[in-house]
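Have the structure open while you read.

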Amino acid sequence: MDFTVYENAVFHTLDSTNPTASSLVTAEGRIHFLGSVSEAREFASKAKRIDLAGAHAMPGLADSHVH
């Protein structure tokens, strides 16, 4: 599986116990990990890395109920 690590950002999680994370790991169109940069690098040590230089990201909300 080819992982990509997006790091050095503020990811808003909408989880009140962990409201933000600094790194996100994806593969095959799915999120596999969300946490600190050091944890992400350990989780996917051979991954491609993308430095987001302090950008902010938050979950998109989609309503799949369409008439």
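This is a predicted model: local features need pLDDT of at least 70, side-chain atom pairs count only at pLDDT 80 or more; totals for chains, interfaces and linings use all residues.

The C-alpha trace spans about 45 × 25 × 20 Å along its principal axes. Of the 67 residues, 25% count as buried. If you take contacts between residues at least 6 apart in sequence, 45% of them join residues at least 24 apart.

**The rings**

How many aromatic pairs does a search of the whole structure find? The search turns up two. Phe3 and Phe43 make an edge-to-face pair, with 5.5 Å centre to centre and 65 degrees between the planes. Phe3 sits in the segment before strand 1 (4-12), while Phe43 belongs to helix 1 (residues 37-43), so this pair ties together parts that are 40 residues apart in sequence.

The other pair is Phe33 with Phe43: the ring centres are 5.3 Å apart and the planes are at 20 degrees, so these two are stacked. Here the link runs from Phe33 in strand 3 (residues 30-35) to Phe43 in helix 1, ten residues apart but still distant parts of the chain.

| Residue | Relative accessible area | Class |
|---|---|---|
| Phe3 | 22% | partly exposed |
| Phe33 | 18% | buried |
| Phe43 | 39% | partly exposed |
| Thr4 | 15% | buried |
| Ala47 | 13% | buried |

Why does Phe33 count as buried? Its relative accessible area is 18%, and buried means under 20%. Phe3, at 22%, is partly exposed.

Setting aside neighbours within four places in sequence, Val25 is in contact with Phe3, Thr4, Val5, Arg30, Ile31, His32, Phe33, Ala40, Phe43 and Ala44.

Now zoom in on Thr4, which is found in strand 1. Not counting residues up to four places away in sequence, Thr4 touches Leu24, Val25, Thr26, Ala47, Lys48 and Ile50. Ala47, for its part, has its place in the loop between helix 1 and strand 4 (48-51). The C-alpha atoms of Ala47 and Thr4 are separated by 5.3 Å, although the residues are 43 apart along the chain. With residues up to four places away left out, Ala47 touches Phe3, Thr4 and Val5. That brings us back to the rings through Phe3, the edge-to-face partner of Phe43.

**Surface and charge**

Stepping back out, the protein exposes about 5,000 Å², and carbon and sulfur atoms supply 53% of that area. As for charge, there are 5 positive and 8 negative charges, and their mean positions are 8 Å apart.

Technical notes: Residues are numbered from 1 along each chain as its sequence is written. Side-chain values use heavy atoms; hydrogens and water are left out. Rings of Phe, Tyr and Trp (its six-membered ring) pair if their centres lie within 6.5 Å; planes under 30 degrees apart count as stacked, over 60 as edge-to-face and the rest as tilted. Helices (H or I, at least four residues) and strands (E, at least two) are DSSP runs, numbered from the N terminus. Buried means under 20% relative accessible area, exposed over 50%, partly exposed in between (1.4 Å probe, protein chains only). Contact means heavy atoms within 4.5 Å. Accessible areas come from the Shrake-Rupley method with a 1.4 Å probe; for residues, only the protein chains shown count as cover. Lys and Arg count as positive and Asp and Glu as negative; His and the chain ends are not counted. The place of a charge is taken as NZ of Lys, CZ of Arg, CG of Asp or CD of Glu.
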